[in-house]
Amino acid sequence: MDSNIVLEIFKEITKVPRESGHEEQIIAWLNAFAASHGLESRTDEAGNVLIIKEASKGKENVPTLVLQCHSDMVCEKNAGSSHDFSKDPVPYTIEDGWMVSHETTLGADDGIGMACALALVSGKESTGRLEALFTVSEETGLDGAKALKKGFVSGRSLINLDNEDEGEICVGCAGGLDTTAKFRYSKTSVKKGRLAVKVAVDSCMGGHSGDDINRGRASAVVLLGRMLYRLRPLSYQLLAIDGGNKRNAIAREAWAVISLSERRLSALADQLVAFKADVMEEFGNIEKNIQVYYTIENGADYPFAIDAGTARRLVDSIVACPHGVLAMSQEIPGFVETSTNLASVKMTEDGVIRLGSSQRSCNTAARRAAGMKVEANFVMAGAYVEHEGEYPGWAPAVESPLRDACIASYRKLFGKSPKVRAIHAGLECGLFTEQYPDMDMIAIGPTLKGVHAPGERLDLASLDRFVKHLEDLVTNF
């Protein structure tokens, strides 16, 4: 298997829209790919696709191996970008040994895993029977894995191709839980003779709410809450608020529109300068590009204000909401056990403001306790709170022939042992154990950086090594 072939397949995948929940085009593309290579494919009710390569001559007795990846991607773009994920190819460049998308997410999570699986099932390598499983809506709740029916795959050894560090074998992961808080607001009149001013925090690094939550990066939603709390002496009215997007991404941008008297504009400017200084004191060693600013808006675009009581309780709850690492593992040094991510705040004109968050932990009790903390914070502020999308963690197996074979293959090829670890991010493997409790699983992949945020990039040298490793593991399985 040639890494150049893998890369060319991935380039074709970048042309196909595949936002979570809207995978119709990539499902059709996968089935067309199978048909063009004379391979059997099937699609279940959820939209999961299975492509089958029968065993090569002489390997009919080799146990079936499942190659699994997810077909959707996180669709994030920079503010002001005109990119339309529903129709536009993902823009990318090859530079300094990386494939990178500066304007949007690249979708190498998990498009490069898809490309590796497709290269193997369509290639001429001598293998046992391969089942390439492409699940839907992994990024928004692992929906495809949850809907997977017993018997859809026949293999009992599974390689998940969604790990993001070449040279590492993932053997366990955190489970997750989504929490949504809803505030209901009343529309009140905007005081006359005032300015409409947008205050904003943007250009935060963002990142993956699992893999990057322990890196000390700033959340734009959290910072916006602090800013609005600090500006209260200016007696503003809150007209609009927005920030963040996906639950599994640390918020990079957030803004609010406030109404205040023109004579307080200089005080606002001074407060934002002081606030920016505080932000850089706290995050400056990590975040180099955070922007804090204001702009004068057209007041006619904001015909009403959020009632003062709701605005105050909303801001209080953002400031008080837990965010970040809550506990480190007592068993694995340096491993995050439990975290929560205050991901987004969204306002609609029908009188609702929604705040989205997600909790992660390999410990079910700790994950649910984190959800309780978030819930209690918002309930005390008068919001309605609901939990959804809970999925289990994946506990490392004591015995795993597939893990042992993967380690041996890496040592043979590269003369050193790979790192074996669990990750704080969520993988679908935990859900597979519910329908297939005897499934032997590992997760591997090439090195990706900055997933779930614009600037996501794929290390091409790591892809070369990974393709060699995967081919050796599969052909000698």
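D96 is exposed, at 75% relative accessible area. This is a predicted model. D96 belongs to the loop that runs between β4 (93-95) and β5 (98-100). Its phi is near 55°, a positive value in a residue other than glycine.

## A buried counterpart

H452 also has positive phi without being glycine; the angle is near 75°. H452 sits in the loop between β24 (448-449) and β25 (457-459). H452 counts as buried because its relative accessibility is 2%, and the cut-off for buried is under 20%.

## Nonpolar cores

The largest nonpolar core holds 57 residues. Within it, F134, I159, L161, I444, L458 and L470 touch the most other members. Helix α3 (residues 108-122) supplies the largest share of this core, 10 residues. A second core is separate and has 49 residues, among them V221, V222, L228 and F283.

What does L161 touch, leaving aside residues up to four places away in sequence? Its contacts include I444 and L470. They also include L67, Q68, C69 and F466. D110, G113, C116 and A117 complete the list.

## A cis peptide bond

The peptide bond between D109 and D110 is cis, with omega about 5°. D110 lies in helix α3. D110 is also one of the residues that L161 touches.

## Aromatic pairs

The whole structure contains 4 aromatic pairs. One of them joins F183 and F378 edge-to-face, with 6.3 Å from centre to centre and 80° between the planes. F183 is in strand β9 (residues 175-184) and F378 in helix α8 (residues 364-380), so the pair links parts of the chain 195 residues apart. F183 is buried, with a relative accessible area of 0%. F378 is buried too, at 1%.

Y185 and F304 make a stacked pair, because their planes meet at 15° and their ring centres lie 6.2 Å apart. Y185 occupies the loop between β9 and β10 (187-188). F304 occupies the loop between β16 (291-297) and β17 (305-306). The pair therefore ties together parts 119 residues apart in sequence. Both Y185 and F304 are buried.

## Charges over rings

Which residue lies over the face of F304? K187 does, at 4.6 Å from the ring centre. F304 is the ring that stacks with Y185.

R457 and W98 provide another case of a charge over a ring. The charged end of R457 sits 5.0 Å from the centre of the W98 ring.

Definitions and conventions: Residues are numbered from 1 along each chain as its sequence is written. This is a predicted model: local features need pLDDT of at least 70, side-chain atom pairs count only at pLDDT 80 or more; totals for chains, interfaces and linings use all residues. Side-chain values use heavy atoms; hydrogens and water are left out. A nonpolar core is a set of buried Ala, Val, Leu, Ile, Met, Phe, Trp, Tyr and Cys residues joined through side-chain atoms within 4.5 Å. Buried means under 20% relative accessible area, exposed over 50%, partly exposed in between (1.4 Å probe, protein chains only). Helices (H or I, at least four residues) and strands (E, at least two) are DSSP runs, numbered from the N terminus. Contact means heavy atoms within 4.5 Å. Rings of Phe, Tyr and Trp (its six-membered ring) pair if their centres lie within 6.5 Å; planes under 30 degrees apart count as stacked, over 60 as edge-to-face and the rest as tilted. A charge sits over a ring if NZ of Lys or CZ of Arg is within 6 Å of the ring centre and within 35 degrees of the ring normal.
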